[in-house]
Amino acid sequence: MNKMRLNKFISHNTGYSRREADRLIKDGKVSVNGRVVSDFIEVSYEDKIRINGRLIKKKTEFTMIVYNKQKGELVTKKDDRGRKIIYDSLPSGFKKFIPIGRLDFASEGLLLLTDAPAIADSLMKSDIERMYYLKVKGEVGNDVINAMKDGFFAKDATKGAHKKSQIKSMEFKPFLAYSILGSSGGYTKLKVIINEGQNRELRRFFGCFDLEVMDLKRVSFGRVNLGMLKDGKWRYLTASEYEDLRDFLKINSVRY
């Protein structure tokens, strides 16, 4: 029987955020199988959870969209410095959608968002392939090629990281595939496929070889491709993409 913390269950199946769920529980507004609870117990999908006496209906459907993130947008709910965020470009109905992984301020391309937190969490932790196009400043030598083939551990992986990041070292898995598309004017263009999404992973990887990533664009996540979707535009998943996703959820026993 799959169990999850009560606040997570509420945020998965209602419009409340995890923080709002915490407050409801602390205020004695939540009952489990007829008993009011005020602590963060674990519940299952068989339990009857009510908020202010109203039964929570388990969510059985979800929505997923593809957004073509533009450079200069932050993947966050709000920014204290007033910079542009992805939700400024999306319709207001998607304000509560959760991004699956992140693309940093200077990166662009495919970003998936969903209204199902359990699905977002499982996809973020998955080893589904992600394809990127990159332009780096400098030449890609044999040392870089070997690192892409074999992977490596970097004790200092701070070049390319956000200056406030607490992550200093990083284990880089071998790339699933890579190709050098060309080199001119002191820059090299590449296409790479990886199957993890660590914090600024590609910027840090090439930073270990003093190669600065100038352009980074994600073009696919699994079988979902950017295709002809223009910058700053979005679309729903196609029927076949939804079918692939449901197969993934079934195989991985993801409840949503």
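**Entry 1: the model**
Before looking anything up, I noted that this is a predicted model.

**Entry 2: helices H1 and H2**
Two packed helices are described by the angle between their axes and the distance between the axes, so I looked up both.

Which residues of H1 and H2 meet? On the H1 side I found Leu6, Asn7, Lys8, Ile10 and Ser11. Their partners in H2 are Arg18, Ala21, Asp22 and Ile25. Sorting this contact by residue kind gave me four nonpolar, two polar and three charged.

**Entry 3: two residues with positive phi**
Next I turned to the backbone. Most residues other than glycine have a negative phi, so I made a note of the exceptions I looked up.

Asn33 is one of them: it is not a glycine, yet its phi is positive, at about 55 degrees. I located Asn33 in the loop that runs between strand S2 (30–32) and strand S3 (35–36). Is Asn33 buried, partly exposed or exposed? Its relative accessible area is 48%, so Asn33 is partly exposed.

Ser253 also goes on the page, with a positive phi of about 55 degrees although it is not a glycine. I found Ser253 in the segment after helix H7 (239–251). Exposed means over 50% relative accessible area, and Ser253 counts as exposed because its value is 53%.

My last stop was Ser165, in the loop between strand S11 (152–154) and strand S12 (170–172). The cut-off for buried is under 20%; Ser165 has 12% relative accessibility, so it counts as buried.

What does the side chain of Ser165 pair with? I noted a polar contact of 2.8 Å between the side chains of Ser165 and Arg204. A polar atom of the Ser165 side chain also lies 3.2 Å from the backbone nitrogen of Ile167. Setting aside neighbours within four places in sequence, I listed Asn199 and Arg204 as the residues in contact with Ser165.

How values were computed: Residues numbered from 1 in each chain as written. Predicted model: local features only at pLDDT ≥ 70, side-chain atom pairs only at ≥ 80, totals over all residues. Heavy atoms only, no water. Contact = heavy atoms within 4.5 Å. Helix = DSSP H or I, 4+ residues; strand = E, 2+ residues; numbered from the N terminus. Nonpolar A, V, L, I, M, F, W, Y, C, P; charged D, E, K, R; others polar. Buried < 20%, exposed > 50% of the residue type's maximum accessible area, 1.4 Å probe, protein only. Polar contact = N/O pair within 3.5 Å; in protein donor to acceptor, adjacent residues only side chain to side chain.
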